[in-house]
Amino acid sequence: MNMMKNKLNDLELKKIEEEKKNYEDNKSISIEALKIVQSSRGWVSDELITEISKILNISESQLEEIATFYSQIYRKPVGYNIIKYCDSVVCYMMGSDNIKCKLENILKIKIGQTTNDNKFTLLPISCLGNCDKAPVIMINNKTYSNIKISYIPILLEKY
Amino acid sequence: MNHIIKYPETHPLTWRLDTINKNPIWINEYHKKNGYSALKFMLNNMTPKDVINLVKDSELRGRGGAGFYTGIKWSLMPKKNNIPRYLLCNADEMEPGTYKDRLLLEQLPHQLLEGMIISGFAIEATMAYIFLRGEYISAENNLKKAIIEAENCGYLGRNILGSDFTFKIVLHTGAGRYICGEETALINSLEGKRANPRIKPPFPAIVGLWGKPTCVNNVETLSNIPAIVLNGSNWYKKISLSKDRGTKLMGFSGRVNNPGVWEVPFGISARELLEDYAKGMKKGFRLKAWQPGGAGTDFLTEKNLDVKMDFDSISKVGSRFGTGIAMAVDHTVNIVSLVLNLEKFFSRESCGLCTPCREGLPWIVKILQSFEDGFAQNEDINILEDLCVQLGPGKTVCAHAPGAMEPLQSAIKLFRSEFEQCIRKNSFSNIEMINKKNMFKLNL
Ligand code: SF4
Ligand code: FES
């Protein structure tokens, strides 16, 4: 089981292989490869960095350099659901701080942390391009707009 | 203004929108509404040079914020037909307060694709990438579907519609980092590197993606191309009310009655946008300041509301047109806190390449925080003003740091008294203040 966890599975290998035809070299698909691996596992472990670097034939440090630069690649375990609340200027004016506090209170965590039951991780995100419907949060792949504090408990119930 | 009837001639970017259900315009609907006829017309009647000249004539300016003339940018691509060469669509919309490309990407994917195919033909590219930010999930799904639809109809791929033009579009999604929207950082990111901007020259047109000639254009810019090909440059010049040609997606957000984004001719006044389109400030709220086009533009005030919304007019009153998506700041918002929020963003998103930006922005955040906490000293305003110069134009590799200074310098200029009010007036020593602050925190 542990062996599997540290190895890329067939689907991941196939997806990475497919990306290769769209780019001139392997380095260009390193971000995509990290995202492919992260999409099923939530985050990218050290072992997987090694695995991906082997497949792409680039050095581990090159890959690590990318993994640590891009904010949406996680190098630490995260919860099953990722809540990103927009902390940019329009949402800020429309009350994103209160939303952050409410989320922190309900989940009993601070920004960047994961709940005890591993269900949620809370992260800030830059403008989600929905400022005319501010404030905005995103849970996994879904964007929620015009958020009111009172919606939040109901919203979290869904996950 | 929903009652406005949109015609192809007056609203070239948005007349096809399904305003009721907001469904994406898929290929059948797009065909019914004249879709891909610009591409067909061009393939039958024009050479790449013709297209470049047409776009030059139209005086279309880039819609990503900098406003460079698109036709001129295209003509910088080397004449000699060295391939491969690339077209990159910048769909990494992340400027705080900006939400225009999202609409075009989600609801009018074919209009963008058609614009890209025509543009690719003009610069003789064989391949294009759409660099889409990772959080735009519906845009990603819709573009994927639209690319397949276009391929099935023969608009993409080998020998497009029987011509000898071959063109492929690949959708690439990002993994965060605002700086990817800077065109050379975008190229580095596509190459799988850290998104540090490159020093120019050489310009991407000469040395771009994988060292090959490359042209980077914004989503809205490219979406303008089909209508220009169909209706000509004279029409395009005439639909605007000012020297900047064509229409523009503009918007207003904040505590206004009807926040949104609308296609309007360049040169309408900010007041019209705020009062007629956004329906004015919400009851009980007064306009204190506004930013005309994104987080990196100088604040203006109510006095400037009659300014024309276009590149020249906005810079004449001391700001920048930017993305044209404006934000209203109401009287309840404390300007120091607001600027602190903006600078935290710029500080977090600095790529770290140049010292003034990497070190200066966190310093500015610290100083502004001390203003907010009531610790600031008299000379701190001067330090901030000095930093505005140190991080200003010409001091860094890209426009990130100077952009970050625009809201700060204008806020100090316009609302100096609000900064002064935060300066420590009592005789507590700093240590006492820190203790006081901690006690306050514990009480919370
Ligand atoms: S100005 Fe800032 S963002 Fe731009 S290159 Fe320098 S450090 Fe990077
Ligand atoms: S500022 Fe939050 S969506 Fe734009």
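This report covers the interface of chain B and chain A in a predicted model. Local features need pLDDT of at least 70, side-chain atom pairs count only at pLDDT 80 or more, and totals for chains, interfaces and linings use all residues. Residues are numbered from 1 along each chain as its sequence is written, and side-chain values use heavy atoms, without hydrogens and water.

Chain A has two parts, domain 1 (10-69) and domain 2 (81-157). The bounds come from an automatic or database domain assignment. Over C-alpha atoms, the domain centres lie 29 Å apart.

Chain B puts 54 residues in contact (heavy atoms within 4.5 Å) with 39 residues of chain A. The two chains bury about 3800 Å², with 54% of it on carbon and sulfur atoms. Buried area is the accessible area (1.4 Å probe) lost on putting two parts together, summed over both. B:E135, B:A175 and B:R194 supply 17% of the area that chain B buries against chain A, more than any other three residues.

The rule finds two salt bridges across the interface (Lys or Arg side-chain nitrogen within 4 Å of an Asp or Glu carboxyl oxygen). One of them joins B:K212 to A:E24, with the closest N and O atoms 4.0 Å apart.

Methods:
Chains lettered and ligands numbered in written order.
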